[in-house]
Amino acid sequence: MTTEKGFLGVTPPISTAESTEREKEVTATLMEELRRQNTFESVEEARLRETVLGRVAAAVKKFVYEVSLSRGLSEAAANAAGGKIFTFGSYRLGVHGPGSDIDTLCVVPKHVSREDFFETFEKILRELEDATEVSGVPEAYVPIIKTKISGIPLDFLMARLALSSIPDDLSLKDDNLLRNLDERCVRSLGGSRVNDEILRLVPHVEVYRDSLRCIKLWAQRRAIYSNVNGFLGGVAWAILVARICQLYPNATAGAIVSRFFIIMYQWSWPQPVLLKQIEEGPLQVRVWNPKLYPADRSHRMPIITPAYPAMCSTHNVTASTQMIVTEEFKKGADIVDKVIVGTASWSELFQKHDFFHKYRYYLQVIASTATADLQIKWAGTVESRIRQLVMKLEYVDSLILAHPFIKGFDQVLHCITEEEVRQVAQGQISDVVAKRTQADIEGLEGASTVHSTTFYIGLLIEPKPFGAVGPRRLDISYPTTEFTKLVKMWEKYDEDTMGIVVRNIKSSALPDYVFDEGERQPKQVLKRPKTGKGSGKSSNTSPDMPNKKRRRSETTQDSENGIPGLSFSNATLHR
């Protein structure tokens with residue numbers, strides 16, 4: 001579709017020319033590579049998703065019906081109250097792959113509350129056949145219930161409209177539906193409304209989908225696909241690709257991908273990326289406006305959602321993550337240039353990241369609890385605060401960059417002594433503990449299971465200035481202390497059941513689980529660390545025990561760090 005202006009977007013296209021024969025050829029090879037990379041789901045999985053969504057739609061109607069009866073509505077009124085699901089995210093955009101989750105919005109009438117969603121609907125989900133791993137996170141910025149049904153992962157949001165019933169033919173396009181809603185409902189509706197608007201604003205939906213599928217795979221492989229950790233999330237990547245499609249409305253997917261890297265590497269941030277002019281609407285809500293709001297002026301890479309109310313989908317980007325993404329745009333542009341001229345293949349674009357080979361030092365952030373359900377919530381809370389730690393690290397002298405990895409690593413370990421529990425919570429896992437199974441600790445008095453999630457931040461440190469003498473000290477105790485205080489401020493934090501540890505490690509000390517099989521280089525023989533410099537052991541790091549005293553600041557000396565004249569000051573912090 002085109003607008004009255006004759007084009008889509010905030011500026012005319014750069015070129016309306018058809019793609020060249022060469023661009024059509026590389027588009028064909030791109031699609032072959034995407035199939036080779038297993039980015040398309042099977043027909044069987046597609047059918048299963050439709051079946052699961054049908055069951056979910058019925059469960060939402062049952063949820064609304066039960067709540068309606070409990071509010072005193074008649075049988076007929078309860079049946080008429082309705083309830084409807086809308087998908088959004090990669091499934092709605094048509095770029096999901098095998099095993100992808102389905103983002104699902106449950107739209108309910110005004111007499112159904114958010115408390116009902118987390119009590120009644122979560123209970124209905126638990127009772128569904130083949131439903132597993134049901135976990136509600138009501139305190140999230142956008143409150144959510146996660147689950148798997150028949151192996152298909154689903155994320156549920158809820159929006160309560162100011163209507164007494166939800167008709168089956170409801171559309172979310174009308175801005176007036178947002179009237180009289182709380183902020184969380186407006187945010188929940190945003191995902192579906194934004195996706196619908198993106199699809200309306202691209203010239204050729206199939207070209208858009210093929211291009212976005214490529215960019216998504218590239219961003220995931222390069223470990224820069226994560227809104228929560230300060231990179232770009234699914235919505236931001238979707239908007240960027242849509243903008244390139246607007247600028248080249250008649251190009252094939254191969255040509256769009258090529259232009260994507262060239263344009264995004266050279267983009268004049270903080271100039272915003274917009275798919276249409278920002279609109280005012282019927283609500284007294286904040287619309288993104290850097291002229292009016294100082295916080296909006298601080299956004300480094302503003303990518304603005306096209307549905308009212310316009311928001312910045314990249315407010316989490318930090319100085320470090322912007323540098324990393326820009327570097328990846330440049331690398332991508334170089335590879336695709338070679339693909340176009342025939343000196344490289346598309347597979348090179350999708351090579352795995354080198355995060356765990358890139359730095360000499362890393363921070364480990366270890367969240368631990370004693371149960372699987374509690375661990376999901378605690379690890380999610382810790383992960384949502386990692387960006388704050390990165391921003392504080394960016395102010396540390398001599399630290400050029402703090403690079404967060406986009407996911408945590410989960411472990412379930414079985415311990416038979418309190419000392420083992422303490423060590424596991426500190427990230428020190430012996431081979432004996434790593435190999436032990438649940439069966440090995442059955443019936444053993446004092447045995448316990450520890451669930452842990454470990455997050456990593458790569459640290460890029462300035463080289464020692466030429467001619468400088470004397471030792472250097474990298475003091476990261478303030479950022480780590482403040483981060484630990486921040487996660488403990490979570491209203492459900494319990495020092496008896498939750499552990500949090502931040503510690504620095506050398507690249508040679510990275511655990512094997514962060515590498516694919518055969519990826520790790522053989523370890524070099526290292527000098528034995530001097531005793532008394534902080535072995536990483538600490539009294540009372542058990543996730544099951546209260547913290548009696550805080551460990552003193554630990555300074556890791558030259559022999560451990562491997563860079564002469566550099567020492568870390570970093571409190572190994574726990575509860």
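This is a predicted model: local features need pLDDT of at least 70, side-chain atom pairs count only at pLDDT 80 or more; totals for chains, interfaces and linings use all residues.
## Leu189, tucked away

Let's start inside. Leu189 sits in helix α6, which covers residues 183-200. Its relative accessibility is 1%, so Leu189 counts as buried, given that the cut-off for buried is under 20%.

What does Leu189 touch, leaving aside residues up to four places away in sequence? The list is Leu105, Val107, Ala159, Leu161, Leu172, Leu178 and Leu181. As for Leu177, that residue lies 12 positions from Leu189 along the chain, and the two C-alpha atoms are 9.7 Å apart.

## A nonpolar patch on the surface

Now for the outside. Met323, Ile400 and Leu460 make up a nonpolar surface patch, and together they have about 230 Å² of accessible area.

Ile400 belongs to strand β7, residues 399-404. With a relative accessible area of 37%, Ile400 is partly exposed, because that class runs between the 20% and 50% cut-offs.

## Helices α8 and α9

Next up are helix α8 (residues 234-247) and helix α9 (residues 253-266), whose axes come within 10 Å and cross at roughly 110°. That makes α8 roughly perpendicular to α9, since angles of 65 to 115 degrees count that way.

Which residues meet where these helices come together? On the α8 side they are Trp237, Leu240, Val241, Ile244, Cys245 and Leu247. Their partners in α9 are Ile256, Arg259, Phe260, Ile263 and Met264.

How values were computed
Residues are numbered from 1 along each chain as its sequence is written. Side-chain values use heavy atoms; hydrogens and water are left out. Helices (H or I, at least four residues) and strands (E, at least two) are DSSP runs, numbered from the N terminus. Buried means under 20% relative accessible area, exposed over 50%, partly exposed in between (1.4 Å probe, protein chains only). Contact means heavy atoms within 4.5 Å. Patches are made of residues with over 30% relative accessible area and no salt bridge: like charges are joined within 9 Å, nonpolar side chains (Val, Leu, Ile, Met, Phe, Trp, Tyr) within 5 Å. Accessible areas come from the Shrake-Rupley method with a 1.4 Å probe; for residues, only the protein chains shown count as cover. A salt bridge is a side-chain nitrogen of Lys or Arg within 4 Å of a carboxyl oxygen of Asp or Glu. Axes are lines fitted to C-alpha atoms, for helices over the stretch in contact, and angles run from 0 to 180 degrees between N-to-C directions. Angles under 35 degrees count as roughly parallel, over 145 as roughly antiparallel, 65 to 115 as roughly perpendicular and the rest as oblique.
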